Amino acid sequence: MTDTVLKVEQLNAFYGKAHILFDVDLEVGQGEVVALVGRNGAGKSTTIKAIMGMLDRVQGRVSYRGEDITRLPPYKISRMGVGFVPEDRRVFSDLTVLENLDIGRRPPRPGAPTWTPEKLFRLFPNLGEMPDRPGGQMSGGEQQMLTVARTLMGNPGLVLLDEPSEGIAPVIVEQMAQMITELKKQGLTVLLSEQNTHFAQLVSDRAYVLEKGQVKFTGTMQELMRNDEVRKAYLEV
Ligand SMILES: Nc1ncnc2c1ncn2[C@@H]1O[C@H](COP(=O)(O)OP(=O)(O)OP(=O)(O)O)[C@@H](O)[C@H]1O
């Protein structure tokens, strides 16, 4: 693997007394797109939230570009260059597309692609057609794209995408896949959680399969797609 951007070691996470993640190890290298896959409730979102500092109780270690971020609050992790796109796409409904983008704006960051609204509109042409539309008057898929675009305005060195294909129309899912592929070409590093194996396959280099909060398989996307046993046991095929 190239330079390690994200390293998760022996991560355990809890909601109250419920033990959800068990000794999860994972790594994401510079420029990679890595998928966390698994069924409903397998622990994908919990892993992303634990990395982002959103859970009260975690054990183990999470490092970003060699720095320990395990017990930092989300805003500090975000300032260090980790972008997070939550499952429940939260756009500001009274603000326009451009105003939403402006809210995400941060200074350029060494080693990460730098984004402007113009550059993002080339990547998301449908947003470029509605710069003045309020977020509340957009479709779910458009809001999803705006959330991703707003996160990119922070010039992140790593983006965590929680279930990017969830609840959006198939045609938008394809656009989202193209967009992630384009982001990868531009050098972005991505960790995404995804229940839709087809989508994960379209965009990812490698995958970690989660089941009941444990990593059951890790390998390239091609290795996963060839491994019928793992897919039948842990994924919706
Ligand atoms: N806030 C919470 N409090 C208690 N338990 C939770 C909470 N959020 C999730 N869980 C539990 O943690 C486990 C893992 O959930 P998680 O959301 O990480 O799964 P997932 O793989 O992302 O699935 P999904 O696609 O449904 O989001 C599930 O058993 C779930 O019920």
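**Around the ligand**

Modeller: Strand S2 (18–29) and helix H1 (44–51) each supply at least two residues of the shell around the ligand. Helices (H or I, at least four residues) and strands (E, at least two) are DSSP runs, numbered from the N terminus. This is a predicted model, where local features need pLDDT of at least 70, side-chain atom pairs count only at pLDDT 80 or more, and totals for chains, interfaces and linings use all residues. Residues are numbered from 1 along each chain as its sequence is written.

Colleague: Which element gives the most to the shell around the ligand?

Modeller: That's H1, with three residues.

Colleague: And which residues come nearest to the ligand?

Modeller: Tyr15, Ala42, Lys44, Ser45 and Thr46, out of 13 residues around the ligand. A residue counts as near if its C-beta atom, placed from the backbone, lies within 6 Å of the molecule.

Colleague: How do the residues of the shell divide into nonpolar, polar and charged?

Modeller: Four are nonpolar, eight polar and one charged. Here Ala, Val, Leu, Ile, Met, Phe, Trp, Tyr, Cys and Pro count as nonpolar, Asp, Glu, Lys and Arg as charged, and the others, Gly among them, as polar.

Colleague: Switching topic: what does the protein chain average in pLDDT?

Modeller: The average is 93, and 99% of the residues score at least 70; pLDDT is the predictor's confidence in each residue, from 0 to 100. The model also scores ipTM 0.94 and pTM 0.93.

Colleague: OK, sheets. What's the strand order in the open sheet of six strands?

Modeller: S6-S7-S8-S3-S9-S10, with mixed pairing. Two strands pair if DSSP finds at least two bridges between them. Strand S6 (82–85) and strand S10 (214–220) are at the edges with a single partner strand each, so one side of each has no neighbour in the sheet.

Colleague: How do S6 and S7 pair?

Modeller: S6 and strand S7 (residues 158–162) run in the parallel sense, paired over four bridges. Val82 stands opposite Leu158 in S7, and Val85 has Leu161 as its bridge partner there.

Colleague: Which way do the S6 residues point?

Modeller: Val82 and Phe84 point one way, Gly83 and Val85 the other way, and all are buried. Buried means that 20 or more other C-beta atoms lie within 10 Å of the residue's own, with C-beta atoms placed from the backbone.

Colleague: What about Val5, buried or exposed?

Modeller: Val5 is buried, with 25 other C-beta atoms within 10 Å. Its place is in strand S1 (residues 4–15). Val5 and Leu158 are 153 residues apart in sequence, but 7.4 Å apart in space, C-alpha to C-alpha.

Colleague: And the open sheet of four strands, what order is that?

Modeller: S2-S1-S4-S5, with antiparallel pairing. The edge strands, S2 and strand S5 (67–68), each pair on one side only.

Colleague: How many bridges join S1 to S4?

Modeller: Seven, between S1 and strand S4 (residues 57–64), which run antiparallel. Glu9 has Arg61 in S4 as its bridge partner. H1 packs on this sheet, touching S1, S2 and S4; contact means C-beta atoms, placed from the backbone, within 7 Å.

Notes:
A residue is buried if 20 or more other C-beta atoms lie within 10 Å of its own, exposed if 12 or fewer, and partly exposed in between; C-beta atoms are placed from the backbone. Two residues are in contact if their C-beta atoms, placed from the backbone, lie within 7 Å. Axes are lines fitted to C-alpha atoms, for helices over the stretch in contact, and angles run from 0 to 180 degrees between N-to-C directions.
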